[in-house]
Amino acid sequence: MTPHHLQIETKTRFFTRWVIWVCIVLHVLRGVATLFCLFPWIGDQGKQEHIQRWSQRLLRIFGIELLVTGANRLPNSPYLLVSNHISWLDIHVINAFTPIRFVAKSEVSGWPVFGWMAKQLRTVFIRRDNARHARQVVAQVAEVLKTESICIFPEGTSTQGDQVLPFKSNLFESATVAGVPVFPLSIQYCSRITGKRSLAPAFIGEMGLLESMSNVVQSRSLRAQLTVLPPMTGTPGLTLDRKDLALYCHGAIAGNLDGR
């Protein structure tokens, strides 16, 4: 390829990324406007539909294909969804599949724009270094689970997606208190071209949100793979222990990732 062609290709890539960033900003602003102007006046069903459409549009802007397996396992009644954690994208990928409330670390509430949006979407925030607050959150989540489903990321931090860190079992108690089933959810990002795991969405270390978003923008062939795995079944009449539930979900998710 001649230097002239390389120059044209570089300018084309720059222009494409610039257009993508403009679309992202406009889409976020649209989301903020919807939350501010529309959400106070519509019911829960309408909110869920808007959340799902907004998340699906965000994935399209980033060029991310969504593939879901085992969706028919989820019931119409409330449940606790337990997922491994790789990226800030996880929440939007899951909402594109099924709108749901989340439990997130308290740091998320301070993120520009996205933190405010998380608050408007009734995210439950937890301080990881405060055991007393964690117990209060368990009671709060159990109360929500009586009428709504919730998703948690029990690793407590994000990874590159090549492993599943040990699960913290505290929040699993909310499911035993509320008497709802617990479904493991495996999430993985890979290249649509090679089929291999992609590190582009990984949000780890001291990485900032804009840096992570830039990595995703530069990778235009991502697929987000969600797999809903069977819930743990126990002996009739006996309540499953939170530690047993945590171990089962960890093993189910880790085993599914190993099998890909």
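## Strand β7 and its surroundings

In strand β7, A224 is the bridge partner of Y189. The structure is a predicted model, in which local features need pLDDT of at least 70 and side-chain atom pairs count only at pLDDT 80 or more, while totals for chains, interfaces and linings use all residues. Residues are numbered from 1 along each chain as its sequence is written, and side-chain values use heavy atoms, with hydrogens and water left out. Strands (E, at least two residues) and helices (H or I, at least four) are DSSP runs, numbered from the N terminus.

**The sheet.** Seven strands make up an open sheet of mixed pairing, in the order β1-β7-β6-β2-β5-β3-β4. The edge strands, each pairing on one side only, are β1 and β4 (124–126). Direction ignored, neighbouring strands are turned by 25° against each other on average. Two strands count as paired if DSSP finds at least two bridges between them.

| Strands | Sense | Bridges |
|---|---|---|
| β1 (residues 64–69) and β7 | parallel | six bridges |
| β6 (residues 182–191) and β7 | antiparallel | seven bridges |
| β2 (residues 80–83) and β5 (residues 150–152) | parallel | three bridges |

Within these pairings, V68 stands opposite L226 in β7, and V82 stands opposite I152 in β5.

Helix α3 packs on the sheet, where it touches β1, β2, β3 (101–105), β5, β6 and β7. Contact here means heavy atoms within 4.5 Å. The direction of α3 makes about 110° with that of β6; axes are lines fitted to C-alpha atoms, for helices over the stretch in contact, and angles run from 0 to 180 degrees between N-to-C directions.

**Burial.** A residue is buried under 20% relative accessible area, exposed over 50% and partly exposed in between (1.4 Å probe, protein chains only). Strand β7 (residues 222–228) is largely enclosed by the rest of the structure, because seven of its seven residues are buried. In a regular strand the side chains alternate between the two faces of the sheet. In β7 both faces are covered, with L222, A224, L226 and V228 on one side and R223, Q225 and T227 on the other. In helix α3 (residues 89–97), eight of the nine residues are buried, including H92 and F97.

**An aromatic pair.** The whole structure holds four aromatic pairs. One of them joins Y79 and F183 edge-to-face, at 5.8 Å centre to centre and 80° between the planes. Y79 lies in the loop between β1 and β2 and F183 in strand β6, 104 residues apart. Rings of Phe, Tyr and Trp (its six-membered ring) pair if their centres lie within 6.5 Å; planes under 30 degrees apart count as stacked, over 60 as edge-to-face and the rest as tilted. Y79 counts as buried because its relative accessibility is 6%, and F183 counts as buried at 4%.
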